[in-house]
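Subject: Handover of a structure and the findings from it

Dear colleague,

Please find the structure below, followed by a short account of what was found in it. I would be grateful if you would read the two side by side.

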Amino acid sequence: MASVLYAWGRWAVRRRGRVIGLWLLLLATIGALGTTLAGPTSTEFTVPGIESQQAQELLERKLPESVEGSARLVMAAPAGQRLDTPAARAAVGESLHRAAGIPGVVHVADPFESHSVSPDLRIAFADVQFDRPAHDVPQSAKDALTDATAPLREAGLQAEFGGSVMEPAFEVGGPAEVIGVLVAFAVLAVALGSLVAAGLPLLTALVGVGIGVLGAQLLANVVEMTGTATVLALMIGLAVGIDYALFIIARHREQLAEPGSEIEESAARATATAGSAVVFAGATVIIALAALAVTGIPFLTVMGLAAAATVLLAVLVAVTLVPALLGLLGERLRPRPRAKAAAKAVAKPARSWSAAWARAVTRKPLLVLLVGVVGLLALALPARDLRLGLPGNASQPAASTQHKSYDLLSEGFGPGFNATLVAVVDATGIPADRRESALTELHATLSADPGVAAVGRPMANADGSTVAVPVVPRTGPDDRATSDLVDRLRAHKADVTASGGTLYIAGATAAAIDVSGKLADALPLFVGLIVVLALALLTVAFRSVLVPLKAVLGFLLSVAAALGVTVWVFQDGHLNGLLDIPSAAPVTSFLPVLLIGVLFGLAMDYEVFLVSRMREHHQHTGDAAGAVAHGVARSGRVVTAAALIMVAVFGGFVFNHDPIIKSIGFALAVGVFIDAFVVRMTLVPAAMALLGARAWRLPRWLDRITPDVDLEGAGLPAAEVRPAAKVAERV
């Protein structure tokens with residue numbers, strides 16, 4: 001691999017004009033198409049085969065009006081007042097009249113006629129039904145619906161919105177994300193000691209991310225894609241794009257600090273050595289993200305593939321565009337000792353802080369391992385109570401209309417009103433003269449459950465073959481008792497089946513429960529696949545058995561600790577004020593799978609860059625103890641910078657208003673921090689010190705069948721060194 005990348009890097013330097021021009025042309029083309037022909041994104045997380053989805057498909061075929069887009073207008077009078085006063089009723093009537101005139105609206109329910117007014121007459125709601133699915137309702141109709149509530153507000157009434165039509169759109173690029181990028185630039189400037197060098201990784205990362213994200217938006221025309229997929233692609237692509245460029249640029253500047261080094265030769269060698277690690281590490285991220293397809297969940301598969309494609313672009317940019325730019329900038333990237341402390345650290349790694357850290361953690365390695373492992377297990381403890389779900393309006397920002405509507409409905413109609421279930425009956429097999437009595441029996445059975453607060457009026461299609469019955473629980477959508485209620489209601493299937501029909505329990509709450517269950521079932525298989533993959537890849541990379549085992553155990557500790565901290569914050573409700581989390585809720589159902597896939601790839605990044613330097617030194621000297629100190633001393637600075645950049649980029653998304661993006665950003669930021677600084681920079685050197693020379697042993701039979709990828713560039717030709725006088729002359 002190193003030899004191929006060496007030739008590739010030299011070619012890119014020599015043809016830098018063409019390489020840079022091709023990347024810019026690709027960015028301009030995809031950018032123009034992606035912005036002008038961007039496809040629609042969805043906020044729905046559907047899974048084929050689950051019961052709630054089967055019910056949804058049945059309703060779409062037989063009772064389509066029940067699944068079209070709708071907005072729920074929630075009205076409230078000030079404390080101590082009522083909605084049945086003449087002035088309030090006039091304002092309600094005028095607003096509903098305006099809403100009914102909006103193009104696409106087919107029905108507006110009057111709360112006083114549909115009995116959707118709270119017992120104290122202070123809170124009411126009106127459902128506004130559209131003639132198309134929620135994702136097809138134009139923004140102009142949503143704006144008009146908001147404007148229609150002007151009479152309510154003028155009368156001193158509160159008006160808020162919920163419902164599928166008024167789902168908030170994903171938004172990125174806010175101040176927090178920008179601050180994260182600025183922090184990354186500051187870290188780069190300190191790590192590389194040059195503003196020009198610091199700007200280079202950001203520039204190349206933006207090229208790769210721009211092509212990846214805009215390309216994903218273009219593909220949304222032919223593939224159903226959630227808004228989360230494009231945000232995840234942006235988040236992952238930006239972080240790895242900066243890091244991969246950093247690794248190559250840092251190696252290039254390290255080589256340029258040596259007397260007699262030549263620009264083209266150094267760029268080619270940096271592409272061969274650091275670039276080999278980039279390709280290998282990038283491949284692990286790509287495979288891990290693509291492996292999300294084994295869950296059998298389409299939206300998660302698309303999410304993983306979109307992010308994997310962006311990572312692939314980051315790798316291609318790193319081994320083509322980066323060396324081309326290294327050749328273009330030439331001597332401007334050469335460290336100048338009089339102005340660069342970083343160059344001194346590179347030139348004399350034994351005196352650096354990373355070397356001091358290596359000596360500290362390897363002085364008493366067993367104690368370091370015990371303290372580190374116990375500490376990570378303590379952080380992982382809250383994960384024992386992990387509950388999965390999908391965020392609803394309660395998880396939206398407290399100032400949002402969706403959150404306010406949720407609170408008003410809970411106040412006026414009880415906490416279970418926001419968790420309304422739908423009992424869907426396929427009555428095709430029930431004789432026509434038995435359908436009414438069967439539905440009456442079902443209504444009585446549903447009402448008798450102690451967890452049910454109310455059972456609404458059935459809605460049937462023209463021939464009565466499909467019926468939807470609203471069921472209001474006594475508890476909220478995130479309450480464990482609501483999950484238990486869904487299980488109990490589904491246990492009544494046999495009663496309906498005996499009469500010839502089929503019963504489904506559906507609705508948004510049931511769908512969230514089903515999706516979470518499906519993901520929980522897929523998690524063991526996915527973890528097993530990732531572990532086997534890690535063992536295989538690292539065995540090939542390091543030609544060792546113990547190094548991969550140690551790396552996998554460290555990865556599992558990182559995942560467990562990150563999940564534990566995420567549960568402690570989002571599910572248990574700690575630090576809610578600091579992180580602007582509106583309410584405690586179950587962890588997003590697909591977050592553990594994403595965390596495992598992404599963190600696996602990033603953990604292997606740091607493992608490869610750190611341990612490959614150890615192996616390189618051990619191959620040259622045979623000194624196992626010295627190899628540990630050398631590897632940390634040489635790679636500690638750049639791995640630390642790379643991890644801080646990851647944490648800054650992911651951390652910027654913690655302050656995104658969307659609850660899904662917020663939790664993903666938090667989990668990844670915490671996971672990267674733990675894995676980089678606790679596991680890779682602390683536990684790995686300690687473990688390698690304990691293992692000694694045994695760490696690099698590989699059974700003969702395994703050695704014969706394991707390919708040699710040469711990450712360290714041992715097979716490269718001897719470096720071409722220019723006379724020092726010519727170097728000085730060029731500088």
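How many aromatic pairs does the count come to? The count comes to 8 aromatic pairs, where rings of Phe, Tyr and Trp (its six-membered ring) pair if their centres lie within 6.5 Å, and planes under 30 degrees apart count as stacked, over 60 as edge-to-face and the rest as tilted.

Before the details, a note on the basis. This is a predicted model, in which local features need pLDDT of at least 70 and side-chain atom pairs count only at pLDDT 80 or more, while totals for chains, interfaces and linings use all residues. Residues are numbered from 1 along each chain as its sequence is written, and side-chain values use heavy atoms, with hydrogens and water left out.

Aromatic rings

One of the pairs is formed by F125 and F413: the ring centres are 5.4 Å apart and the planes stand at 80°, so this pair is edge-to-face. F125 belongs to strand β3 (residues 123-130) and F413 to helix α15 (residues 401-413), so the pair ties together parts that are 288 residues apart in sequence. Here helices (H or I, at least four residues) and strands (E, at least two) are DSSP runs, numbered from the N terminus.

F125 is buried, at 11% relative accessibility, whereas F413 is partly exposed, at 23%. Buried means under 20% relative accessible area, exposed over 50% and partly exposed in between (1.4 Å probe, protein chains only). Together with F417, F125 and F413 form one aromatic cluster.

F125 also has a charge over its ring: the charged end of R72 sits there, 4.3 Å from the ring centre. Likewise, the charged end of R89 sits over the ring of F112, 3.9 Å from its centre. The rule requires NZ of Lys or CZ of Arg within 6 Å of the ring centre and within 35 degrees of the ring normal.

A serine in helix α4

Is S95 buried or exposed? S95, which lies in helix α4 (residues 86-100), counts as buried at 2% relative accessibility. Leaving aside neighbours within four places in sequence, S95 is in contact (heavy atoms within 4.5 Å) with A148, T149, P151 and L152.

Yours sincerely,

A colleague
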